[in-house]
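Dear colleague,

Please find below the structure that I am handing over to you. My notes on what was found in it follow directly after.

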Amino acid sequence: MKLFKYAPLFFAVPLLGSCSKSPSGGATVQAPNRLSVVFRTPANGPINNSGYIYSFAFDDDDNSSDGPVAIVGPTTVPNGVVAGSFTVLVEYQGGQYNVYRRTALANGTETLDPAPGAFVTQPSPASGNTLNFTLNLDATTSSGARLFRAGAQRLDINFVTANERRRDPNDNLRKAVDTFGDGRLSLSSGGAYVTLDIRSTRTYNDTSIVGEPSGDVRTDDTSGTINLPSLDITDFAISVLRS
Ligand SMILES: [Ca+2]
Ligand SMILES: [Ca+2]
């Protein structure tokens with residue numbers, strides 16, 4: 001059944017054309033190079049708008065051996081959800097999207113340089129089980145740096161969902177997490193990130209690149225209070241536009 005989910009999805013993504021009006025009808029944004037994501041949880045797990053975290057991590061360092069990966073336990077890393085190597089982070093929580101250029105620091109922490117103008121059009125809060133957004137690949141951060149490295153040809157990509165950022169080092173229960181790959185098979189690793197060629201216009205979907213299963217949210221929590229389907233990465237598509 002999964003195979004038929006994408007046709008209407010792709011037509012909904014504003015990929016065609018090289019410019020886009022803002023929702024207010026204001027300035028036209030020129031963005032010939034774009035990266036779009038459509039992300040779905042299952043029908044019985046609507047996107048949680050009151051605290052759960054949906055993180056989309058992209059690494060433009062041309063090293064496909066170092067992540068990004070999920071954080072599955074307590075952490076001091078400020079973003080709290082994604083670790084390993086990555087340089088761009090899109091985070092959705094509580095109806096708000098944030099985008100950062102991320103620099104890993106030698107002491108195990110990070111700096112997150114916000115890029116509030118990185119979306120081609122400001123994405124709406126989630127309703128139902130879908131998140132989608134389009135980044136300008138040539139966007140700059142608030143400090144004037146490029147969001148994505150100029151000339152990047154590949155991105156290492158992982159999506160990570162989590163119900164919380166766990167800070168307590170004495171709390172060794174695994175929080176609830178999903179990430180690329182089958183969490184039922186690999187409870188200790190941080191997920192099967194992928195490396196995608198972004199040199200030309202194309203669309204990747206989860207079936208072709210990672211085969212992301214449903215029902216593989218990992219947790220050791222036994223309270224029954226976490227809505228696991230709302231964290232379950234089920235379908236996604238990643239599209240590149242070059243025009
Ligand atoms: Ca997974
Ligand atoms: Ca999943």
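Thr121 lies in the loop between strand 9 (110-114) and strand 10; strands (E, at least two residues) and helices (H or I, at least four) are DSSP runs, numbered from the N terminus. With 14 C-beta neighbours inside 10 Å, Thr121 counts as partly exposed. For this term, a residue is buried if 20 or more other C-beta atoms lie within 10 Å of its own, exposed if 12 or fewer, and partly exposed in between, with C-beta atoms placed from the backbone. The C-alpha atoms of Thr121 and Asn136 are separated by 9.3 Å, and the two residues are 15 apart along the chain.

Please note that this is a predicted model, in which local features need pLDDT of at least 70 and side-chain atom pairs count only at pLDDT 80 or more, while totals for chains, interfaces and linings use all residues. Residues are numbered from 1 along each chain as its sequence is written, and chains are lettered from A and ligands numbered from 1 in the order in which they are written.

Confidence and overall content

The mean pLDDT of the protein is 88, and 85% of its residues reach 70 or more; pLDDT is the predictor's confidence in each residue, from 0 to 100. Over residues 1-22, pLDDT stays under 50, and the model has 33 contacts beyond four places in sequence for this stretch. Two residues are in contact if their C-beta atoms, placed from the backbone, lie within 7 Å.

The secondary structure comes to two helices and 15 strands. Of the 243 residues in the protein, 39% are buried. Among contacts with a separation of 6 or more, 70% are between residues 24 or more positions apart.

The sheet that contains strand 10

Four strands form an open sheet in the order 10-3-15-14, with antiparallel pairing; two strands pair if DSSP finds at least two bridges between them. Strand 10 (130-136) and strand 14 (202-205) stand at the edges with a single partner strand each, so one side of each is left without a neighbour in the sheet. From one strand to the next, the twist averages 10°, the angles being taken from 0 to 180 degrees between the N-to-C directions of axes, which are lines fitted to C-alpha atoms (for helices, over the stretch in contact).

Strand 3 (residues 33-40) pairs with strand 10 in the antiparallel sense over seven bridges. Within this pairing, Ser36 has Thr134 of strand 10 as its bridge partner, and Val37 stands opposite Phe133 in strand 10. Five of the seven residues of strand 10 are buried, so strand 10 is largely enclosed by the rest of the structure.

Strand 11 and its partners

Strand 11 is mostly covered, as eight of its nine residues are buried. Strand 4 (residues 53-59) runs antiparallel to strand 11 and is joined to it by seven bridges; here Ala57 is paired with its bridge partner Asn158 in strand 11. Strand 13 (residues 194-197) pairs with strand 11 in the antiparallel sense over four bridges, and Leu155 stands opposite Leu196 in strand 13. Three bridges join strand 11 to strand 12, again antiparallel, and Val160 stands opposite Thr179 in strand 12.

The largest nonpolar core has 57 residues, of which Ala57, Val82, Val160 and Phe236 touch the most other members. Such a core is a set of buried Ala, Val, Leu, Ile, Met, Phe, Trp, Tyr and Cys residues joined through C-beta atoms within 7 Å. Beyond four places in sequence, the contacts of Ala57 include Pro68, Val82, Phe86 and Val160.

Local points in the loops

Asn163 is found in the loop between strand 11 (154-162) and strand 12 (177-179). Asn163 counts as buried because it has 21 C-beta neighbours inside 10 Å. Leaving aside neighbours within four places in sequence, Asn163 is in contact with Tyr52, Lys175, Ala176, Ile226 and Leu231.

Two features belong to the loop between strand 4 and strand 5 (69-70), where Pro68 lies and where Asp62 also has its place. The peptide bond from Gly67 to Pro68 is cis, with omega near 20°. Asp62 has a positive phi, near 60°, in a residue other than glycine. Most residues other than glycine have a negative phi, and most peptide bonds are trans. With 13 other C-beta atoms within 10 Å, Asp62 is partly exposed.

With kind regards
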